[in-house]
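Student: I have a model open and want to learn how to read it. Where do we begin?

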Amino acid sequence: MTPVSVLLRPGLVVACALAVSGCISLLPKSKPAHLYRFGDTAQAQASAPAAGSVGVVRNAGAFQRESAGDRLLTITGGKAAYVAETRWVAPAAVLWDQALAAAFDADPGPVRLVSRGEPAAADYVLRVDVRNFETRYEAGPKAAPTVLVRARAVMIRAERREVSEQIFEARVPASGNRVAAIVRAYDKATADVLDQIVAWTNGQVQAGA
């Protein structure tokens, strides 16, 4: 597979006079994008709820704006760009939400993640903000990059209004400067951060019991 190239394409504006009945598109033909996903590592088989499980309401969290969509964000020497002709199958923020839910479903710990509006009792509220979700070319644009995933989790115990928070981070070097290798690094980094968040959330519940 060819090395990754990055490209930011400026928008093209095509104007048509209102009096003209038809309009010929001047947009250039583009190659179809290759679609990828992450979070498969967290898609393990759901485990049965643990005895005495504790409901935790998941509050909507923020996601890094530049990478929340379906494009793969890269950072090279302070400059941002996107991997050309490459997309996630859905916005990264959506795939992250799915992976987070799957990680809790697959864990045998006491926490049961509850969505807002779900008719279930919950003693805690969990919010997860994704601060960084990006590919970093720290050794130059042609070297194998490192995928950085960093998230902040905040947990509130509704009864006592106690607040705990923690930053979780994973840096996974890609095995090469190829899209497939970078996607695998995203998958590993996401799984690592989610494992940390699940373990920490279980620990908060057990400590507050």
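Tutor: Begin with the elements. Helices and strands are DSSP runs, numbered from the N terminus. With that in hand, the order of elements in the protein chain reads β-β-β-β-β-α-β-β-β-β-α from the N terminus on. The chain has 2 helices and 9 strands. Keep in mind that this is a predicted model.

Student: How many residues of the chain reach a pLDDT of 70 or more, as a percentage?

Tutor: The figure is 75% of residues, and the mean pLDDT of the chain is 82. One stretch needs care. Over residues 7–25, pLDDT stays under 50. The model has 13 contacts beyond four places in sequence for that stretch.

Student: Which residues have the most contacts inside the largest nonpolar core?

Tutor: They are Trp88, Trp96, Leu126 and Phe133, in a core of 47 residues. Several elements each supply at least two residues of this core: E2, helix H1 (92–106), strands E6 (111–115), E7 (124–137), E8 (146–157) and E9 (162–173), and H2. The element that gives the most is H2, with 13 residues.

Student: Now the rings. How many aromatic pairs does a search of the whole structure find?

Tutor: The search finds 7. One of them is Phe38 with Trp88: 4.9 Å centre to centre, 75 degrees between the planes. Planes over 60 degrees apart count as edge-to-face, and this pair is edge-to-face. The pair links distant parts of the chain, 50 residues apart. Phe38 sits in the loop between strand E1 (34–36) and strand E2 (54–59), while Trp88 is in strand E5 (residues 86–88).

Student: Why is the pair of Trp88 and Tyr186 classed as it is?

Tutor: The ring centres are 5.2 Å apart and the planes stand at 85 degrees, so the pair is edge-to-face. Trp88 in strand E5 and Tyr186 in helix H2 (residues 179–208) are 98 residues apart. Both residues are buried.

Student: Which residues do the ring pairs link into a cluster?

Tutor: Phe38, Phe63, Trp88, Trp96, Phe133 and Tyr186. Trp88 has other partners as well. Leaving aside neighbours within four places in sequence, its contacts include Leu35, Arg37, Gly69, Asp70, Leu72, Leu95 and Val183.

Student: Arg37 is on that list. Where does Arg37 lie?

Tutor: In the loop between E1 and E2. Arg37 is partly exposed, with a relative accessible area of 33%. Arg37 and Val89 are 52 residues apart in sequence, yet 5.8 Å apart in space, C-alpha to C-alpha.

Student: What about a charge over a ring?

Tutor: Look for Arg71. It lies over the face of Tyr82, at 3.8 Å from the ring centre.

Student: Last, the backbone. What should I look for in phi?

Tutor: Most residues other than glycine have a negative phi. Glu85 has a positive value, near 55 degrees. Glu85 is found in the loop between strand E4 (79–82) and E5. At 27% relative accessibility, Glu85 counts as partly exposed.

Methods
Residues are numbered from 1 along each chain as its sequence is written. This is a predicted model: local features need pLDDT of at least 70, side-chain atom pairs count only at pLDDT 80 or more; totals for chains, interfaces and linings use all residues. Side-chain values use heavy atoms; hydrogens and water are left out. Rings of Phe, Tyr and Trp (its six-membered ring) pair if their centres lie within 6.5 Å; planes under 30 degrees apart count as stacked, over 60 as edge-to-face and the rest as tilted. Helices (H or I, at least four residues) and strands (E, at least two) are DSSP runs, numbered from the N terminus. Buried means under 20% relative accessible area, exposed over 50%, partly exposed in between (1.4 Å probe, protein chains only). A charge sits over a ring if NZ of Lys or CZ of Arg is within 6 Å of the ring centre and within 35 degrees of the ring normal. A nonpolar core is a set of buried Ala, Val, Leu, Ile, Met, Phe, Trp, Tyr and Cys residues joined through side-chain atoms within 4.5 Å. Contact means heavy atoms within 4.5 Å. pLDDT is the predictor's confidence in each residue, from 0 to 100.
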